[in-house]
Amino acid sequence: MNKEILANSPESNTTVSPWNPLIPTKRDIVRTEELASKNAATAGILSFIFPIAGLIYLNRGINSLKILGYFFAVSFMFNLVTEAEASSKSFNNLLGLIGTGAITAEQVMAVNKARQRLQEKNSAASASSFNKTEKDFTGVGTNQEAINRLKQLKEKYEASEISEEEFKQQKQIILKSL
């Protein structure tokens, strides 16, 4: 059975089918920042009204082609078992609308998942830098060292090197170490 490593977490041992169109591809993972910068509403509207424009806007198409293939297969099977009647044509139209909606939803999900991955990446980087600075501040021995660390911390905050929240947290760490 042909299985592929889950694209969301390359180091994961979890395997999924490579035919699942709702899982981001490796290319999507690599292009996370580019996809996150796109507007999800624009991607959705373009994909619904003119699917090719949505594919061009996001510069991705493999998952949409998977969805299109599934809907062609379902439509083909449905046409094999039914005769060419007016009701079957309306069902085909409904099936086309569902397919377009599925492609639209997948495109919007790709942008939202890219934003989520980027946010998780940024929060993980922030947490690791906070843990590093916490280790630096826990070894404060004298009051003069604490005062010097607080001055350095204030300078970093005023220079916008750290956020206000991180400034407050690190300040508390220094004050607790006294």
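This is a predicted model: local features need pLDDT of at least 70, side-chain atom pairs count only at pLDDT 80 or more; totals for chains, interfaces and linings use all residues.

Visitor: Which helix gives the most to the nonpolar patch?

Guide: That's helix 6, with four residues.

Visitor: Take Ile56 as an example. Is Ile56 buried or exposed?

Guide: Find Ile56 in helix 4. Exposed means over 50% relative accessible area. Ile56 has 63% relative accessibility, so it counts as exposed.

Visitor: And Ser47, is it buried or exposed?

Guide: Ser47 is found in helix 3. The cut-off for buried is under 20%. Ser47 comes out at 0% relative accessibility, so it counts as buried.

Visitor: Which residues is Ser47 in contact with, leaving aside its neighbours within four places in sequence?

Guide: Look for Gly54, Thr100, Thr104 and Gln107. There's also a polar pair to find: a polar atom of the Ser47 side chain lies 2.8 Å from the backbone oxygen of Ala43.

Visitor: Now for the records. What does UniProt list for residues 40–58?

Guide: An unreviewed UniProt entry lists them as "transmembrane region". In the model, that span is 95% helix and 0% strand, with its end C-alpha atoms 10 Å apart.

Visitor: Which residues does UniProt list for "coiled-coil region"?

Guide: Residues 143–170, again from an unreviewed entry. Here the model gives 82% helix and 0% strand, and the end C-alpha atoms lie 16 Å apart.

Visitor: Let me step back to the overall layout. How many helices and strands are there in the protein?

Guide: You can count eight helices and two strands. Reading along the sequence, the pattern is β-β-α-α-α-α-α-α-α-α.

Visitor: How many of the residues count as buried?

Guide: Of the 178 residues, 29% do. The accessible surface comes to about 11,700 Å², and 60% of that belongs to carbon and sulfur atoms. As for how the chain meets itself, take the contacts with a separation of 6 or more: residues 24 or more positions apart account for 62% of them.

Visitor: What about backbone angles? What is the phi of Asn59?

Guide: The general idea comes before the case. Most residues other than glycine have a negative phi. Asn59 isn't a glycine, yet its phi is positive, at about 55°. You'll find Asn59 in the loop between helix 4 and helix 5 (62–81). With a relative accessible area of 40%, Asn59 is partly exposed.

Visitor: On to charges. How many salt bridges does a search of the whole structure find?

Guide: The search finds five salt bridges. One of them joins the side chains of Arg60 and Asp28, at 2.8 Å from N to O. This pair links distant parts of the chain, with Arg60 in the loop between helix 4 and helix 5 and Asp28 in helix 1 (residues 26–30), 32 residues apart.

Visitor: Which other residue does Arg60 meet in a salt bridge?

Guide: Glu106, at 3.0 Å from N to O. That pair also links distant parts of the chain: Glu106 sits in helix 6, 46 residues apart from Arg60 in its loop.

Visitor: Are Arg60 and Asp28 buried or exposed?

Guide: Both are buried. Arg60 has a relative accessible area of 6%. Glu106, at 4% relative accessibility, counts as buried too.

Visitor: Where are Glu158 and Lys154, and how are they placed?

Guide: They are in helix 7 (residues 143–158), and because they are four residues apart there, about one helical turn separates them. Glu158 counts as exposed at 56% relative accessibility, whereas Lys154 is partly exposed at 43%.

Conventions:
Residues are numbered from 1 along each chain as its sequence is written. Side-chain values use heavy atoms; hydrogens and water are left out. Buried means under 20% relative accessible area, exposed over 50%, partly exposed in between (1.4 Å probe, protein chains only). A polar contact is a pair of N or O atoms within 3.5 Å; within protein, one must be able to donate a hydrogen and the other to accept it, and residues adjacent in sequence count only if both atoms are side-chain atoms. Contact means heavy atoms within 4.5 Å. UniProt positions are given in the numbering used here, feature names are shortened, and annotations may be inferred rather than shown by experiment. Accessible areas come from the Shrake-Rupley method with a 1.4 Å probe; for residues, only the protein chains shown count as cover. A salt bridge is a side-chain nitrogen of Lys or Arg within 4 Å of a carboxyl oxygen of Asp or Glu.
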